[in-house]
Amino acid sequence: MKTPGKKKSAKKLGKTGSGKKTGLPPGSLIHIGQVKTEKTSFDLIKADATSFEVMKDISLNQILNHLDPAKTSWIRVIGLQNASLIGEFGELFKLHPLFLEDILNTGQRPKSIVEEDALFFTLKTLAVDKENNIIADQVSFVMKEKLLISFHESELSIFEPIFKRFEVPAGRLRSSGPDYLLYALTDLIVDHYFQVVENVANALDQIEEKLITDMNEQILDQIQHNRKELIFMKKLVFPLREALGVILKAESDLLNRKHLRYFNDVYDHVMQIYETIENYRELNTSLKDMYLSELSHRMNKVMQVLTIIATIFIPLTFIAGIYGMNFDYMPELSFKYGYFIVWFIMLFIAGWMLVLFRKNKWL
Amino acid sequence: MKTPGKKKSAKKLGKTGSGKKTGLPPGSLIHIGQVKTEKTSFDLIKADATSFEVMKDISLNQILNHLDPAKTSWIRVIGLQNASLIGEFGELFKLHPLFLEDILNTGQRPKSIVEEDALFFTLKTLAVDKENNIIADQVSFVMKEKLLISFHESELSIFEPIFKRFEVPAGRLRSSGPDYLLYALTDLIVDHYFQVVENVANALDQIEEKLITDMNEQILDQIQHNRKELIFMKKLVFPLREALGVILKAESDLLNRKHLRYFNDVYDHVMQIYETIENYRELNTSLKDMYLSELSHRMNKVMQVLTIIATIFIPLTFIAGIYGMNFDYMPELSFKYGYFIVWFIMLFIAGWMLVLFRKNKWL
Amino acid sequence: MKTPGKKKSAKKLGKTGSGKKTGLPPGSLIHIGQVKTEKTSFDLIKADATSFEVMKDISLNQILNHLDPAKTSWIRVIGLQNASLIGEFGELFKLHPLFLEDILNTGQRPKSIVEEDALFFTLKTLAVDKENNIIADQVSFVMKEKLLISFHESELSIFEPIFKRFEVPAGRLRSSGPDYLLYALTDLIVDHYFQVVENVANALDQIEEKLITDMNEQILDQIQHNRKELIFMKKLVFPLREALGVILKAESDLLNRKHLRYFNDVYDHVMQIYETIENYRELNTSLKDMYLSELSHRMNKVMQVLTIIATIFIPLTFIAGIYGMNFDYMPELSFKYGYFIVWFIMLFIAGWMLVLFRKNKWL
Amino acid sequence: MKTPGKKKSAKKLGKTGSGKKTGLPPGSLIHIGQVKTEKTSFDLIKADATSFEVMKDISLNQILNHLDPAKTSWIRVIGLQNASLIGEFGELFKLHPLFLEDILNTGQRPKSIVEEDALFFTLKTLAVDKENNIIADQVSFVMKEKLLISFHESELSIFEPIFKRFEVPAGRLRSSGPDYLLYALTDLIVDHYFQVVENVANALDQIEEKLITDMNEQILDQIQHNRKELIFMKKLVFPLREALGVILKAESDLLNRKHLRYFNDVYDHVMQIYETIENYRELNTSLKDMYLSELSHRMNKVMQVLTIIATIFIPLTFIAGIYGMNFDYMPELSFKYGYFIVWFIMLFIAGWMLVLFRKNKWL
Amino acid sequence: MKTPGKKKSAKKLGKTGSGKKTGLPPGSLIHIGQVKTEKTSFDLIKADATSFEVMKDISLNQILNHLDPAKTSWIRVIGLQNASLIGEFGELFKLHPLFLEDILNTGQRPKSIVEEDALFFTLKTLAVDKENNIIADQVSFVMKEKLLISFHESELSIFEPIFKRFEVPAGRLRSSGPDYLLYALTDLIVDHYFQVVENVANALDQIEEKLITDMNEQILDQIQHNRKELIFMKKLVFPLREALGVILKAESDLLNRKHLRYFNDVYDHVMQIYETIENYRELNTSLKDMYLSELSHRMNKVMQVLTIIATIFIPLTFIAGIYGMNFDYMPELSFKYGYFIVWFIMLFIAGWMLVLFRKNKWL
């Protein structure tokens, strides 16, 4: 998995990739995005109250042969680069070309479409790489009667808990149909958002600590980095609220009324994440203000002390200059203690200025 | 009760704790948050027009035995750390697992769910600790027919007035059912918000006074502290509006029409608190502007005065330098009063510059 | 009437006073706010097409005796400090305890409640004291059939025109029932808002003029003062819109359809005031920007001129220093016109620098 | 026509004038605003498919005598100072006192009221005077069956095209009733808004050009001037949207369904103007940022160059000072080429510093 | 195609051109905008499942003769300067004068009107010229039964893919009626928006890179340029959302229910572009902040180093001045190693100051 380079932040924010297919008819199948797996492969998972079966990397024909209308089936399509194969798959399962177009475009914003016999839902998984960049992987779902199809950019480890929960014979996942499975997967994805949010929280707390203990120029870069990551997250979470709202309000037979409360719970989590992102954006801005004011404060302190030193010595140097003049008649020069008197006057002036500066709190 | 450390503000703002349970099935019961009591205990309060009884720290069985369908019962669950015990309790009273999940997650945002036979409502109590940090304790309610169950992170003293009001035989609390009790508790919690808001008001007024009398660097820290506390409060109050709105619009038999006006009154208070928070956020920002402009103003004044001193002496030093030159032929040097004339010229220049500076209001 | 002190601005903005009654049952009657009259007194005004009668400072019994169901009656309660007396009054006229609670809490935000047999409406009168602080007095209304009850913090002179209009035999006030009277009083209060707004306008115009003619440090204080006064006004006007909207949409028999257009007119005025406040807030912010940029501009000009003086003399002083050196062999020193040549060089350098500075518009 | 003075911008923004009539009964007729004509006069325009007649400056009686129910009549009231005459007129045509009150108050914000037998609509015409200030004139309309009455602060030239269009016998104006005439007048007024907007566009473009070619202090004044003019326009355009919306949604027999699309078109123009104003406000703010950053950039450049000069000469002056000391034993002084060596050292140091500064791009 | 000059940005943002036709009756046909083609010409495209025919640059009569009610027809009007010819065309096809007015005004904001027998839709194509300015061309559509009429400012190459798709015999374009064609054209236009957005992304990324590697003054100009381009795009995309919303909600027979999902897809793209523009605006603002803080940081560093040099030499020069005084009795002068001791003291002071500065991180 490649980490997004530092210089591509604007493109990351606006990633749409639609340029590639300008002018093609709607539903033209072109994969847009990075290739993250070696090939496009299919997995089939079947479950009912008594059995649970996973078939990895099978062919289209094998899927058709093994589909069992009595069981809840989950087809996972991993890797999106083979657009024609996915097109074939789409025709087989009668997926609307516009669904496939959105599935293959990894710059698609989260959305959901509820139709009579199919529910389409696309969103992003979020993870943090070693360099603290947030990486998004697109996951799309098409739900039909007794069937959930998911499309993944790559084989992600975050779904493993689902398999473990499938193995529990009495578990809800086995008996509750594809809409509950869709909920479980969405819930898992959104739960990972909290981890990414927590990561940003750590970054913000670190910056706040550094502002006090170890002020340096890189703080501004980190603040800017946070700002972009937060915009990036907002971009993915904001339309997700709407997409979940569409599902919640849908009056579709595909969705069991009883399970809507679960989707409601996910919606609630997304709201919480959204509000947290907004709060962090505000906090991040306030950290920038703190940084800039701290910086200018330090600068001012330097300038002030240095200026004070200069200011004290300038009058003294003037006095020294006076008695360096070569006039024939300068009575002070021949006073016996003239030199010492001048020294005394100078020290007095310096001392008086220091007292004055201190009194005005300039020192 | 531990006070949240200074460096954890971002985490405090985003506290979600959901990371702990990522991948678990919905309704998995895990306590998320600080442990604030020694154990999880149950209290039962029963009341009707003629009697009022409090049973402290009793077992689940005892609760079942003492429940009286003729009386309004209030079960208090104090301490949330024993998730399995609370799970048992939940099964006994047929609480939906998602309710229990939200109850145990102390990072839950305020929300309410109204169902046919149960009303779920969770919010936060606010208090201020000795270091002026705002501390939030989660309180959740499940209301059923003739029964209110409340879940507390810790035994809070703020509910004591309720017990006193229960002791009044003719009091409304005894005769008005669990919805009125729910209102009374919510009202009490929201009334304490006003105290926290007043605390912020004091902080803001102190800062404003300090800006004039005792300008120092810590003011900025205090402003930043206020900013974070206000974001924190907003985060808790904003969704509370929505949650109360859900209750107000609910057409549930659990809620006596006559009592809705009381909830309306609480809603009104929450609105007032929300608007006050927004006003304080604006005021706090304006204090930051005042601070920065005051700071830069002071700095400028220092720089200006010091620069003026330097500027006056620089030409004088130049003149002294002139007559310190060693040219063989410098007619002024042999003038009898040359030295005094130069002094006079210097004083004149210095005086003229002072007049000029004062005229231009630079001094 | 005491003027709010300068240091209490945050509290003024958030004045809620609800802390006093935390934990008491709803409808507990406690006066919250300043005591602005000597005692709580009652006035009764009765009017119909043919008669108009004012009875000042009468007892509760007297009110009951003099109420005439054939006439429109207006009871004025002046001074809110005697909570128990007002409670008695409330019971007599069957006012809901929550109404009384809001009436006695002078930190109550404007709101209105329309019920089958009563309309409750509370808002603030605004005035400006000698120190240009905006003072708010709470006025609450309860309207019943043929009866309007108003509660005042103090005897305000702003209602005098109403009495004059009552004296006109054919006037609408006499014949139009309590809802028209309520409108007339509300209209009067809102009309006074325009005067307060105009006062802010004067303050803003003065600041703008001062920015050009008489720049000084107090301008920032005045801008901050305006900012707080505008937030204060917004806080009172914003919920008033909503409260009037509730009245406009109410389908109550207490409100004569024909009089709604008058309330609509008041609503319109409140909207205009609200928009004006928003415009003034923006203008005030722009004045702050102007002030700061003017300040930094002046500072820069000082620094620039002073720096230029220093810069001109520094090279000259260096030259003087050169010829003040005591080397045994320095040929220039023995040139006959060496001294004058040096003077010439110095003047030339100074002149050249001045020309250069002027050319670059630095001077 | 007097131009609003520079110092009255806040009052211009908040112009309400309602202070004048505080305490008077609703519908009290008082003219509020400048007197812009010599007297209040009436014009009557009558038109049908075959005839078109204009009667200027006629009396109330003449109007009554000449009104022809078979024709579309347009009565123009020019000059609002004679409140009693307008009151008489209002009684004659049964205009509601509240309409007249709004018509006479030239600080009224744009609004419309649709009633069964009358439509009231008030808005402002905008124009630009010689000193580039935006001037607003209030125009109010009352539409009744077959009759449009318009009230003008002064005789404006912008309505002349209407008369020309009336003269076309087959023109729509003659045959389409008073609602189409109302549309035509409104359209004309809104079209003039575009010219005022264009004027602001010119001002913004000029400022942008000046920022590059002729930077000076007046730019900030011009930006502030634009800011106020844009707030002023927004204040008039924002409620106009709403007012037109009321007309569009009205289900009145006074409005021909077929003509609604024309009002829709005007609404569309108002939206476009509103969005343009918002864009210009943003652009104006960005110009202020540009100005301030350009200013600080120039200041910095001056300070930098001057500081560099000082910095080069300070060490040199120190060296000269060294050899100006009068120690008995200073070996360098008696070196034959000491003086020249010192010169060489000084030049070397100066050159080296210049190279260094240039390398660091400080010069 | 002329590129918009740099100095016309405000006018570009507010381009309305309505000034030209102020006072004319509605539906007066005047071309407003640049003339981008030599003449106004007409193309006719006819298609059904079996045939596809393109007739270029034909006369109005030829169009009438060749229209075939059995086929889907597409009439392209290229070049809008010949207003009277387009008026003639409009009469022929019974287009409402208000449609024609909007078509001819190239400053028209995107909008759509759905009527019983016609759908009007106008929007802009976006492209980027060589100097990186965004150029907009207006395209308007009128859809009738079996007929789509499009009006273009110039012959744009972006529609060529449509012709290629028409050539495919089994393609959807041939068989799906004018609403699908309208969708295909709109989709193509919106797809080009993505390219323009990508162009802005490149500009933002370049600026971000330059901030680190090649800081210079032109960056601010580029940021300002981006700001204006983004406002310009927002101005065109914001009302487009609304216009598409009107089409989506229209219950017109002209729109095949089945094709609405395609328009929904375009709506979705427009939403994505709108959000991306908002994100870029925020990013652009943050780049400006970065630039300004980088600039002030560099300036501060220069000032700091230079001030430090001055500060070190000032006390040293003072010491040299002391021993340049000409007092008769100055014991140090006659010390044998006085001169060297003074040198030592000076070096010590300089060294000590350097150590101190470094310790305080001022160097």
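1. A quick definition to start: two residues are in contact if their C-beta atoms, placed from the backbone, lie within 7 Å. With that in hand, only 12% of the interface residues of chain A are also interface residues in chain E, so the copies meet through different surfaces.

2. Some housekeeping: this is a predicted model, in which local features need pLDDT of at least 70 and side-chain atom pairs count only at pLDDT 80 or more, while totals for chains, interfaces and linings use all residues. Residues are numbered from 1 along each chain as its sequence is written, and chains are lettered from A and ligands numbered from 1 in the order in which they are written.

3. What does chain A contain in the way of helices and strands? There are eleven helices and seven strands, taken as DSSP runs (helices H or I, at least four residues; strands E, at least two) and numbered from the N terminus. The radius of gyration of chain A, over C-alpha atoms, is 34 Å, well over the 21 Å that the globule rule gives for 363 residues, so chain A is more spread out than a compact globule. The rule is 2.2 Å times the number of residues to the power 0.38. Along the principal axes, the C-alpha atoms of chain A fill a box of roughly 120 × 45 × 30 Å.

4. Helix 8 (residues 218–249) of chain A packs against helix 9 (residues 260–322) of chain E at about 175°, the axes being 11 Å apart. These axes are lines fitted to C-alpha atoms over the stretch in contact, with angles from 0 to 180 degrees between N-to-C directions. The two helices are therefore roughly antiparallel (angles over 145 degrees). Among the contact residues are Leu220(A) and Ile231(A) on helix 8 of chain A, and Leu283(E) and Met290(E) on helix 9 of chain E.

5. Finally, the contact between chains A and B takes 50 residues from chain A and 42 residues from chain B. Helix 9 of chain A gives the most to the side of chain A that touches chain B, with 26 residues.

Notes: Parallel < 35°, antiparallel > 145°, perpendicular 65-115°, else oblique.
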